[in-house]
Amino acid sequence: MDPSPAHPLHPSTVAVTAGRPPHEPDQPLNAPITMASTYVAGGDIEYGRYGNPTWSALETAIGSLEGGRCLAYSSGMAAVTSLLDLVALGDKVVIPRHSYNGTLVSLADLELRGRLTTTLVDVTDTAAVVAACEDAALVWFESPTNPALEVADVPALIAAAHDAGARVVVDNTFLTPLLQKPLDLGADVSLHSATKYLAGHSDVQLGAIVTNDDELYGVLKGRRDVQGNIPGPFEAWLALRGLRTLHLRVERAQSNAAELARRLSGHPLMAEVRYPGMGAMISIVLPTADHADLLVRATSLWVDATSLGGVESTFERRRRWKSEPVSIPEGLVRLSVGIEDVEDLWADLSQALDELSHPGG
């Protein structure tokens, strides 16, 4: 069902309805899994690397939420590298010094090989970022950042980048299109690791790129056709199934995160609690790396894991990764708050923190 222009659907309704088969007798209510690599010639698909009805349903749903045209990829990093591949030889990329680790590692590798140059910025220093945009071909940022949870002046940075002639990519994985719509703010691309909140159940790896630039969409689609960074039909179906409850999961997880951030802020062991006021990610800074390592091993509900955005609550000490920026505190633990009962989450977390505060007591 298409929304009437006079009565646009709310995002929560779009998450449930977009990408469905037509409402006709004997049509399935959900998009089926199309397991096909080969198609009869003469249609729009032609070959399994060029399209799949299950991908199309997922892309329609994500695109409708973001306000653009979506391309699904085999992983978030497949989407990231497809965008970085657009940067011409020797061009400059501006990115926050605290960003998704895989993106920073990819940029460092490309710079080492002489493909491009990278300028790392403090995304909270708007004036410095604006100055760095000069001569940039691509400005890439997250808000909030991963894992420092810094917040950028998104409209101002997009405007400055465009004034400098740069293309803008916003990694919208943390906030989802329910809390932030980068294309509406002027960005050229909204990027997702759909593995995280969009799919939401820690059982699939997918990436997504959304743009309202038809020429850019065509270039990216053509390169995906050739390079083969395509999602599997079953993975696309799982992600679409997860997307149907995105609004419920985000609402519950965000409510839990806000309450946990409030309670954590009063705990004597906290050197710092970072919560941007929206979303379901919290970063806490403990006195030492040892405190952080002990915390993630001292709970029963919270799971020590490197991903995020699932229905279950997970956390990890980020500096355990050698490639994590040295400006991230050794004692920083990134929490991905799930949809469990907040009292159970707090009881599990607070007992572990109390044990660290009074070992053996």
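Colleague: Where does L149 lie?

Modeller: L149 is in the loop between β4 (136-142) and α6 (154-163). Helices and strands are DSSP runs numbered from the N terminus (helices H or I, at least four residues; strands E, at least two). The model is predicted, so local features need pLDDT of at least 70 and side-chain atom pairs 80 or more, while totals for chains, interfaces and linings use all residues. Residues are numbered from 1 along each chain as its sequence is written, and side-chain values use heavy atoms, without hydrogens and water.

Colleague: Is L149 buried or exposed?

Modeller: Buried means under 20% relative accessible area, exposed over 50%, and partly exposed in between (1.4 Å probe, protein chains only). L149 has 7% relative accessibility, so L149 counts as buried. Its phi is positive, about 60 degrees, although L149 is not a glycine.

Colleague: What is the phi of D135, and where is D135 found?

Modeller: D135 is not a glycine either, and has a positive phi of about 70 degrees. D135 is found in the loop between α5 (126-132) and β4. With 65% relative accessibility, D135 counts as exposed.

Colleague: How much space lies in the largest pocket?

Modeller: A pocket is an open set of points on a 1 Å grid over the protein atoms alone, where a 1.4 Å probe fits, with protein on both sides within 12 Å along at least five of seven lines; lining residues have an atom within 4 Å of a point. Points are joined across faces, edges and corners, and the volume is the space filled by probe spheres set on them. Here the largest pocket holds about 470 Å³. It is lined by 27 residues, and those closest to its centre are Y100, G102, N146, S193 and K196. At least two lining residues come from each of α3 (76-84), α4 (101-112) and β6 (189-193).

Colleague: Why does E316 count as buried?

Modeller: E316 counts as buried because its relative accessibility is 0%. E316 lies in strand β11 (residues 314-317).

Colleague: Which helix holds F234?

Modeller: F234 is in α9 (residues 233-243). F234 has 41% relative accessibility, so F234 counts as partly exposed.
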